[in-house]
Amino acid sequence: MANGIESVLVETRVFPPPAALAAKANIAGMDAYRALCTEAERDFTGFWARLAREQLQWTRPFEQVLDESQAPFYKWFADGELNVSANCLDANLQNGRADKTAIIFEADDGTVSRVTYRELHARVCRFANALAAAGYQAGERVIIYLPMSIEAVVAMQACARLGLTHSVVFGGFSAKSLHERLLDTQAVLAITADAQMRGGRRIPLKPALDDALAMGGCEAVRQVVVYRRAGEDVAWTEGRDTWWSEFEQGQPETHQAQGFNAEHPLFILYTSGSTGKPKGVQHGSGGYLLWAKLTMQWTFDLKDEDIFWCTADVGWITGHTYIAYGPLAAGATQIIFEGVPTYPDAGRFWRMIQSHKATVFYTAPTAIRSLIKSSEADAKVHPASFDLSSLRIIGSVGEPINPEAWMWYHKNVGGERCPVVDTWWQTETGGHMLTPLPGATATKPGSCAFPLPGIMAAVVDETGNEVERGQGGLLVIKRPWPAMIRNVWGDPERFKKSYFPPELGGTIYLAGDGAQRDADDYFWIMGRIDDVLNVSGHRLGTMEVESVLVAHELVAEAAVIGRPDDVTGEAVVAFVVLKQSVPGDEEAAQVAKTLRDWVSKEIGPIAKPKEIRFGENLPKTRSGKIMRRLLRTVAQGQEVTQDTSTLENPAILQQLGKAL
Ligand code: WTA
């Protein structure tokens with residue numbers, strides 16, 4: 001929890017919302033914000049019912065707002081029915097946005113294509129008709145393993161249209177990770193591409209899916225639909241594999257969407273927890289969509305003229321809520337980008353903001369930090385070399401943003417005129433929870449400010465009592481909210497244990513982050529309180545990496561910790577005990593490479609340890625518990641000042657202190 005504590009103590013800068021923006025904002029001023037909060041406090045269910053009726057089209061109106069009878073398995077709008085995709089597409093055809101651009105897609109090589117709402121609707125309908133014709137039925141699960149593309153959105157929306165529950169797997173995940181997800185979801189269909197294009201390179205996708213399917217236990221998968229992106233030669237399994245274009249050939253471009261229950265599982269998205277395998281976070285339909293749409297309007301102050309750009313991948317929750325669903329539900333024009341921020345050079349983001357006249361830009365601190373470095377080295381890729389005057393709001397997500405990166409972003413990208421919305425939320429929360437509002441909140445660099453209206457956030461101690469201002473504690477949400485996680489797929493016990501611990505009463509949501517509130521009530525996130533790392537905004541369980549390491553034939557034991565990193569926020573450092581003796585320098589470098597490649601193959605490149613250190617054993621207490629606290633100190637090259645008297649083997653610290 002060391003992350004950012006110092007910044008809280010020194011940060012005194014405050015940036016009021018720009019008057020012109022505030023005057024026209026969807027939530028204009030703190031009084032408007034407070035009025036919404038008060039409405040939610042006075043009549044919690046009335047507040048949510050009003051919004052759900054105003055914002056969404058229901059094929060069967062709900063009467064029941066919140067069902068708490070089986071808490072923490074909360075249900076929202078449970079007797080109502082709606083179609084998520086119809087709310088994102090058909091609704092915009094009816095309200096005059098048919099010819100509005102829905103997506104501006106920029107490919108890795110810079111090629112730009114656009115689709116209007118009418119065209120997107122037609123493409124989703126055609127693909128949905130193909131799925132229906134092939135016999136797929138509501139409630140069945142579909143794995144989507146696609147690059148950033150219009151097709152990824154079409155696939156997700158088409159699933160939603162038919163009530164098929166999708167599970168998108170990030171393109172950087174390995175065959176093994178895909179296999180776990182195929183098994184856990186018991187998917188009946190997989191949608192992939194031949195390859196993806198990133199940074200001028202072709203990165204194969206289908207081979208990983210083929211490998212995953214060959215690992216066994218995936219007999220439920222009836223078909224693999226393949227989008228031809230790169231023109232790459234791919235192995236073909238006759239009878240199982242079909243090209244996207246052939247799959248949807250001849251299908252009509254209209255489709256009458258049917259309503260599904262508001263609680264129907266829209267998607268499952270896997271995310272790392274502190275123990276065991278990644279958890280399948282299960283989201284519902286009505287409540288999730290309501291929040292995706294509302295937060296577009298509140299946090300990003302979305303107006304019809306806006307050009308919205310969220311740089312996340314659709315394989316993460318940010319890409320689900322702020323690419324595949326939120327912007328469409330809100331009728332926005334959005335940019336979708338296939339490539340990477342550093343290709344053809346590190347000015348790519350700024351050049352794209354300039355050429356597409358983006359007005360709202362939403363990215364991750366890790367991207368900002370790496371672009372700071374590049375632009376310090378080369379003025380040509382510095383934001384100052386581009387016209388970014390179209391921007392009016394800039395946002396941050398995924399990890400704590402350090403005040404200096406915030407200031408750089410504010411000054412160089414936001415031109416000191418755009419509010420920075422530092423949004424705190426999680427895969428499990430479905431959408432933004434704590435964030436400044438661009439037309440209301442005075443921002444403080446490094447703080448995600450206040451809870452959105454209706455979100456009852458607090459900082460408590462281990463027994464659930466609220467701590468005093470200025471004290472650190474656990475971040476919790478005291479009341480349910482519509483977009484919350486509904487279950488851990490297939491594992492209700494894990495759902496209860498992970499998020500609603502009995503020590504806090506069993507009905508309060510425990511976020512897993514440490515936080516503190518300052519004297520002005522601003523929230524400051526202090527980082528995870530559990531064994532979850534945040535590397536470049538990607539969540540990784542230390543246990544997950546450890547179990548992969550010990551599965552290697554050379555390894556006897558492993559401990560994984562996070563070390564603060566200038567660019568990636570945290571970096572993975574692994575302490576490894578080999579079955580053979582401690583290797584000499586040359587051999588150590590070789591074994592380290594073997595193990596790094598192994599982790600990459602088993603989980604994905606994002607999980608690769610930045611550093612591996614070898615020792616005869618690990619620092620343990622006499623009861624055999626690995627002292628990770630000490631390892632963290634050692635990994636940072638600091639002197640161990642903590643009490644080591646309980647250590648079984650204090651001498652080991654010196655050995656592990658030696659970097660390769
Ligand atoms: C961290 C991403 C500080 C936090 C949407 C959380 C943040 C985890 C912020 C969720 C922020 C996310 N400030 N920390 N603005 N946003 N986090 O599930 O530790 O990939 O628990 O969801 O990222 O990561 P996830």
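Helices (H or I, at least four residues) and strands (E, at least two) are DSSP runs, numbered from the N terminus. This is a predicted model, in which local features need pLDDT of at least 70, side-chain atom pairs count only at pLDDT 80 or more, and totals for chains, interfaces and linings use all residues. Residues are numbered from 1 along each chain as its sequence is written, and side-chain values use heavy atoms, with hydrogens and water left out.

**View 1. His 552 and Val 550, two positions under a "binding site" annotation.** The annotation comes from an unreviewed UniProt entry and covers Val 550, His 552 and Val 555. UniProt positions are given in the numbering used here, feature names are shortened, and annotations may be inferred rather than shown by experiment. His 552 sits in the loop between H18 and strand S28 (555–565). Its relative accessibility is 9%, so His 552 counts as buried (buried means under 20% relative accessible area, exposed over 50%, partly exposed in between, with a 1.4 Å probe and protein chains only). Not counting residues up to four places away in sequence, His 552 touches Lys 579, Thr 594, Leu 595 and Trp 598 (contact means heavy atoms within 4.5 Å). Val 550 belongs to helix H18 (residues 542–550). With a relative accessible area of 37%, Val 550 is partly exposed. With residues up to four places away in sequence again left out, Val 550 touches Val 555, Ala 556, Glu 557 and Ala 558.

**View 2. The shell of residues around the ligand.** The ligand is surrounded by 17 residues, and the closest are Asp 422, Thr 423, Thr 427, Asp 513 and Arg 539 (a residue is near a molecule if one of its heavy atoms lies within 4 Å of it). By type, the shell divides into six nonpolar, six polar and five charged residues. Here Ala, Val, Leu, Ile, Met, Phe, Trp, Tyr, Cys and Pro count as nonpolar, Asp, Glu, Lys and Arg as charged, and the others, Gly among them, as polar.

View 3. For Arg 528 the corresponding distance is 2.8 Å, and for Gln 426 it is 2.9 Å. The ligand taken alone exposes 530 Å², of which the protein buries 96% (accessible areas come from the Shrake-Rupley method with a 1.4 Å probe). Helix H13 (317–329), strand S20 (420–423) and strand S25 (523–528) are the elements that give two or more residues to the shell.

**View 4. Gly 199 and Arg 201, from a further "binding site" annotation.** This annotation, also from an unreviewed UniProt entry, covers Arg 198, Gly 199, Gly 200, Arg 201, Thr 318 and Ser 536. These positions are spread over 339 residues of sequence and, in space, up to 24.6 Å between C-alpha atoms. Gly 199 lies in the loop between strand S9 (195–198) and strand S10 (201–204). At 25% relative accessibility, Gly 199 is partly exposed. Leaving aside neighbours within four places in sequence, Gly 199 is in contact with Asp 108, Val 340 and Tyr 343. Arg 201 is in strand S10 and is exposed, with a relative accessible area of 55%. Arg 201 touches Asp 108 and Gln 196, not counting residues up to four places away in sequence.

**View 5. Glu 404 in helix H16 (residues 403–413).** Glu 404 counts as exposed, at 51% relative accessibility. From C-alpha to C-alpha, Glu 404 and Lys 176 are 38 Å apart in space, and they are 228 residues apart in sequence.

Technical notes:
A polar contact is a pair of N or O atoms within 3.5 Å; within protein, one must be able to donate a hydrogen and the other to accept it, and residues adjacent in sequence count only if both atoms are side-chain atoms.
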